[in-house]
Amino acid sequence: MPRGRKTALTITLTAEERQTLLAWQRSTTIPVGQAKRARLLLLLADGLSVVEVARRVGINRRFVYTWARRFLEHGIEGLADKPGRGRGPHGHSGEDATRR
């Protein structure tokens, strides 16, 4: 029996969304973060608690809620990384490189 509190967070996937998320989860060419987001949504849609999803995916519960909310608001498109997040292609922005 799954442990954890029941939550009002309910994810319902269409067949097309489920197929897309399954493909992302298996892909070796997409960013790891995107694959984790796919996995967490699939687990939520299968009825697991937020605590259990966080444990299985290896992220904080807060991020489970964050990504679930983005999916509910924006669909699959909401799962993409926002532009400008993370390090640049060479590890430094132009401004930081001139200071070194």
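I took buried to mean under 20% relative accessible area. The model I am reading is a predicted one.

**Entry 1: arginine 70**

I looked up arginine 70 and found its place in helix 4.

**Entry 2: helix 2 on its own**

I turned next to helix 2, which covers residues 32–45. I checked its length. At 1.5 Å a residue, the 14 residues of helix 2 should span 20 Å. I found its end C-alpha atoms 20 Å apart, which agrees with that span.

Which residues of helix 2 are buried? I noted Gln34, Ala35, Arg37, Ala38, Leu40, Leu41, Leu42, Leu43 and Leu44. These buried residues pack against helix 1, helix 3 (50–57) and helix 4. After helix 2 comes glycine 47, and I wrote down a positive phi near 95° for this glycine.

**Entry 3: helix 2 against helix 4**

Two packed helices are described by the angle between their axes and the distance between the axes. I looked up both for helix 2 and helix 4 (residues 61–74): the axes come within 10 Å and cross at roughly 85°. Angles of 65 to 115 degrees count as roughly perpendicular, so helix 2 is roughly perpendicular to helix 4.

I then asked which residues meet there. From helix 2 I have Arg37, Leu40, Leu41 and Leu44, and from helix 4 Val64, Trp67, Ala68 and Phe71. Sorted by class, the contact has seven nonpolar residues, one charged and no polar.

**Entry 4: leucine 22**

I went to helix 1 (residues 15–26), where leucine 22 is found. Leucine 22 has a relative accessible area of 25%, so I put leucine 22 down as partly exposed. I also checked leucine 22 against alanine 38, which is 16 residues apart from it along the chain. Their C-alpha atoms are separated by 7.1 Å. Alanine 38 is among the buried residues of helix 2.

**Entry 5: serine 49**

Where is serine 49? I found serine 49 in the loop between helix 2 and helix 3. Serine 49 is buried, because its relative accessible area is 10% and the cut-off is 20%. A polar atom of the serine 49 side chain lies 3.1 Å from the backbone nitrogen of glutamate 52.

Methods:
Residues numbered from 1 in each chain as written. Predicted model: local features only at pLDDT ≥ 70, side-chain atom pairs only at ≥ 80, totals over all residues. Heavy atoms only, no water. Helix = DSSP H or I, 4+ residues; strand = E, 2+ residues; numbered from the N terminus. Buried < 20%, exposed > 50% of the residue type's maximum accessible area, 1.4 Å probe, protein only. Axes fitted to C-alpha atoms, helices over the stretch in contact; angles between N-to-C directions. Parallel < 35°, antiparallel > 145°, perpendicular 65-115°, else oblique. Contact = heavy atoms within 4.5 Å. Nonpolar A, V, L, I, M, F, W, Y, C, P; charged D, E, K, R; others polar. Expected span 1.5 Å × (residues − 1). Polar contact = N/O pair within 3.5 Å; in protein donor to acceptor, adjacent residues only side chain to side chain.
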